[in-house]
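Open the model in your viewer and keep the selection panel handy. This short tour tells you what to pick at each stop.

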Amino acid sequence: MPAGVKELVALHGLDLDVGEGEFFGLLGPNGAGKTTTLGILTTRVLATAGQATVAGADVINDPVGVRRRIGVVPQRANPDRGLNVLENLVFHAAYFGIPRGEAIRRGMEHLERLGMQDKADEKVDALSGGQQQRLMIARALIHEPEVLFLDEPTVGLDPQARLSLWELLREMHRQGRTIVMTTHYMQEADELCDRLAIIDRGKLLALDATATLKAKAPGGTLIELELDGPPGAALDLARGLEHVTGADATDSVLRVQSAAGGRIISALIDTVERNGCHVKNISLTEPSLETLFISLTGRKLD
Ligand SMILES: Nc1ncnc2c1ncn2[C@@H]1O[C@H](COP(=O)(O)OP(=O)(O)O)[C@@H](O)[C@H]1O
Ligand SMILES: [Mg+2]
């Protein structure tokens, strides 16, 4: 290594298994090691230590076997901009020995499924960001791989394109394809993934079913009561209620953590009103991956 260059260990002892047909997520902030992990699993990055197999093939001893079994949607769409949309698919299929006629047939089928059949002859640059991402997915699937890897597939897409990509991914999951996706969007992980690995700074912090992870989030449900004035003594009284795990107040908002979800709401309202305040508004926030991430790292995940 050249002088002055510091060695960085991108992943430390990351150990995980993904089941067949699972929609698995790697969730973590920028720099967590998501792309590195995907790079190792997709044979783009050579790990300095450790081992991994994908659909039975070893990434080090049989990279060609791995590549045949996987489709990859990279973090940055990298279509061949010199080729039109359909040719991007046909060209890619040729790497896997798929004859041209068959590749055109499959390519058109994919484009139709993605609602892009009328774009077949367009240059890639004429496509929107969402359409380019769809093209990347079609390209990844053209050789009918067993496992689909996607690296932050919705970064840079507008909300509508994001939602429609989610729907597409859900559909592929329903059809039984194994999907491994990275994301730094908590909501995306929550909406799509059966199981999640939360990683940060190259380390695995948590690995479980998405619902189980959320249930592990500390503090329980957050109940916020907007009052017509400062809660005063109601704050201490709220702290004393059964199932309340914490409470604080700012100006006219009383914030209570409940281990029993919304079931304590009527007791809370009683307490507040007996102290001469009126409740103007109530909101409930369920335990989330966000609160779990904060408790694991002391930081927010943006
Ligand atoms: N080619 C590289 N050379 C040096 N450091 C890198 C390289 N690629 C990634 N890293 C570093 O490795 C760590 C993990 O990066 P990465 O896997 O890209 O994270 P993520 O995809 O979760 O944002 C980061 O600290 C990043 O700066
Ligand atoms: Mg990345």
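**First stop: a helix and its threonine**

Select helix H10, residues 265-274, and find Thr271 within it. The model is predicted, so keep that in mind at every stop.

Is Thr271 buried or exposed? Thr271 is buried, because its relative accessibility is 4% and the cut-off for buried is under 20%.

Now show the side chain of Thr271. It reaches the backbone oxygen of Ala267, at 2.7 Å.

Next, display what surrounds Thr271. Setting aside neighbours within four places in sequence, its contacts are Ala234, Leu237, Ala238 and Leu241.

**Second stop: the magnesium ion**

Select ligand 2, the magnesium ion.

Thr35 belongs to helix H1 (residues 34-41), while Gln75 is in the loop between strand E4 (70-73) and helix H3 (85-95), so the pair ties together parts 40 residues apart in sequence.

Thr35 is partly exposed, with a relative accessible area of 40%. Gln75 is also partly exposed, at 34%.

**Last stop: the whole chain**

Zoom out and color by domain. The domain assignment gives domain 1 as 23-215 and domain 2 as 221-286. How many Å separate the centres of domain 1 and domain 2? Taken over C-alpha atoms, the centres are 45 Å apart.

Notes:
Residues are numbered from 1 along each chain as its sequence is written. Chains are lettered from A and ligands numbered from 1 in the order in which they are written. This is a predicted model: local features need pLDDT of at least 70, side-chain atom pairs count only at pLDDT 80 or more; totals for chains, interfaces and linings use all residues. Side-chain values use heavy atoms; hydrogens and water are left out. Domain bounds come from an automatic or database domain assignment. Donors are N, O and S atoms within 2.8 Å of the metal (3.2 Å for Na, K and Ca); water is not among the atoms, so sites may look incomplete. Helices (H or I, at least four residues) and strands (E, at least two) are DSSP runs, numbered from the N terminus. Buried means under 20% relative accessible area, exposed over 50%, partly exposed in between (1.4 Å probe, protein chains only). A polar contact is a pair of N or O atoms within 3.5 Å; within protein, one must be able to donate a hydrogen and the other to accept it, and residues adjacent in sequence count only if both atoms are side-chain atoms. Contact means heavy atoms within 4.5 Å.
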